Amino acid sequence: MTQTEQQNVPALRFPGFEEAWEALKLGNFLEIKSASRVHKDEWRETGVPFFRSSDVVSAFKGNENKKAFISNTLFEKLAKKSGKVAKGDLLVTGGGSIGIPYLIQSDAPLYFKDADLLWVRNSGEVEGFYLYTFFSGPIFRRYVQSITHIGTISHYTIEQARATPINLPTLPEQQKIAGFLGAVDERIAQVTRKKTLLEDYKKGCMQQLFSQSIRFKDDQGNDFPDWEEKLLGDVFSWVNTNSLSRERLTYEGGTVQNIHYGDIHTKFSANFRQGSENVPFVKDGTPSDFKDELFCKVGDVIIADASEDYADIGKAIEVVELAEIPLVAGLHTFIARPASTDLEVGFSGYLLRCENMRRQIVRIAQGISVLGVSKRNIEKLSLSLPHPDEQRKIADFLSAIDTKIDLLAKELEQAKTFKKGLLQQMFV
């Protein structure tokens, strides 16, 4: 085997396959084309599915857009000009998120938007899922980045697609690879479904628990007392925070960790455990730079006071576990510290994320491009507080669900990492 042939052999391979992969360009064995123009006023609520680039990107991420359709009559007219997509073909985004693939799963009627999407017609010389895996893998992603950075292009064109290099094994080896990676993808999909179902279950439980549609009983089987209505300002007091921006933070280590409001929006759990979260450090910061009362304590509720949307404005976390490293809260955050012992640790984080509290917070949010909430208005929020023992049961129940969700999230991340490693070793 020559040196060039050795370079065209993957590091990880199924037994029985030894020959080098063939170096080709996609245009050597695939027809790549676009579609006939469809105007937006020709879209319909029902009919033949009409794919746009956003539909492909959403499907790739496991989500779903509100679909557009065209009439069967228009579809047949267009298909006479350009042909019909078939099982094993791909649609590939040519603009925006460049090079994202969608594998056609059946011969059912389907049309797509011109310019935004490239149609890769499969001649049968290549396994459809193998080709999909190539487009979604690291080798192709690096290629797209290289041609993007050469000039100022903002599209992946038909000509560039035809010129895209690919090393192709025999069809039987393609099928082996596709079958194995398809099983890995199915496992990822299974874990994703389990996680989504559990998240939906938790959401339903929170709605019923905090609306008091369902109630816990005490250890003797008796009803707990009625919930009390209190204002947030009567239950919490305020602790000052710092104004450190993201630029003042680092993940490369330090002696003080800082909660940034953006992380409350995107990644921190309702019950915040410092040792389990990826919290940035203050660059060149030391504990002596901060007053003692600024350090977070167990039971503190940290509220994000700014956001670009209603979903995250006023979002809160409760500190239920601290690590040895001192912890402070920074830019666009408020720290609400319990003013009495009537609150059970772990309850407030869920309380402030329940549907009733979210509706109240949205009502007090102010702003246009950036929304904000003030301490004065937050203090007026109405809290429904059960007996501390019932708080404990609610917090423990929801925390147990969160633990299961976290385990599934870790399993999902491990499966994706495993697949990424396979893609790097099974392709050249």
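## Terms and model

A residue is called buried when its relative accessible area is under 20%, exposed when that area is over 50%, and partly exposed in between, using a 1.4 Å probe and protein chains only. Accessible areas come from the Shrake-Rupley method with a 1.4 Å probe, and for residues only the protein chains shown count as cover.

This is a predicted model, in which local features need pLDDT of at least 70 and side-chain atom pairs count only at pLDDT 80 or more, while totals for chains, interfaces and linings use all residues. Residues are numbered from 1 along each chain as its sequence is written, and side-chain values use heavy atoms, with hydrogens and water left out.

## A surface patch

Val-298, Leu-322 and Val-345 make a nonpolar surface patch of about 200 Å². Patches consist of residues with over 30% relative accessible area and no salt bridge; like charges are joined within 9 Å, and nonpolar side chains (Val, Leu, Ile, Met, Phe, Trp, Tyr) within 5 Å.

Leu-322 counts as partly exposed because its relative accessibility is 33%. Leu-322 sits in the loop between strand S18 (316–321) and strand S19 (327–329). Helices (H or I, at least four residues) and strands (E, at least two) are DSSP runs, numbered from the N terminus.

## Nonpolar cores

A nonpolar core is a set of buried Ala, Val, Leu, Ile, Met, Phe, Trp, Tyr and Cys residues joined through side-chain atoms within 4.5 Å. The largest one has 77 residues, and those touching the most other members include Leu-26, Phe-135 and Phe-210. A second, separate core holds 22 residues, among them Val-48, Leu-74, Leu-91 and Tyr-111.

Beyond its neighbours within four places in sequence, Phe-210 has contacts (heavy atoms within 4.5 Å) with Trp-227, Phe-347, Tyr-350, Leu-351, Cys-354, Ile-394 and Leu-398.

## Salt bridges

The whole structure has 25 salt bridges, each a side-chain nitrogen of Lys or Arg within 4 Å of a carboxyl oxygen of Asp or Glu. In one of them, Asp-55 pairs with Arg-52, with 2.9 Å between the closest N and O atoms. Both Asp-55 and Arg-52 are buried.

Asp-342 and Lys-230 form another salt bridge, at 3.8 Å from N to O. This pair links distant parts of the chain, 112 residues apart: Asp-342 is in the loop between strand S20 (333–338) and helix H11 (347–351), and Lys-230 is in strand S10 (residues 228–231). Asp-342 is partly exposed at 37% relative accessibility, and Lys-230 is partly exposed at 27%. Glu-228, Lys-230 and Asp-342 are linked in a network of salt bridges.
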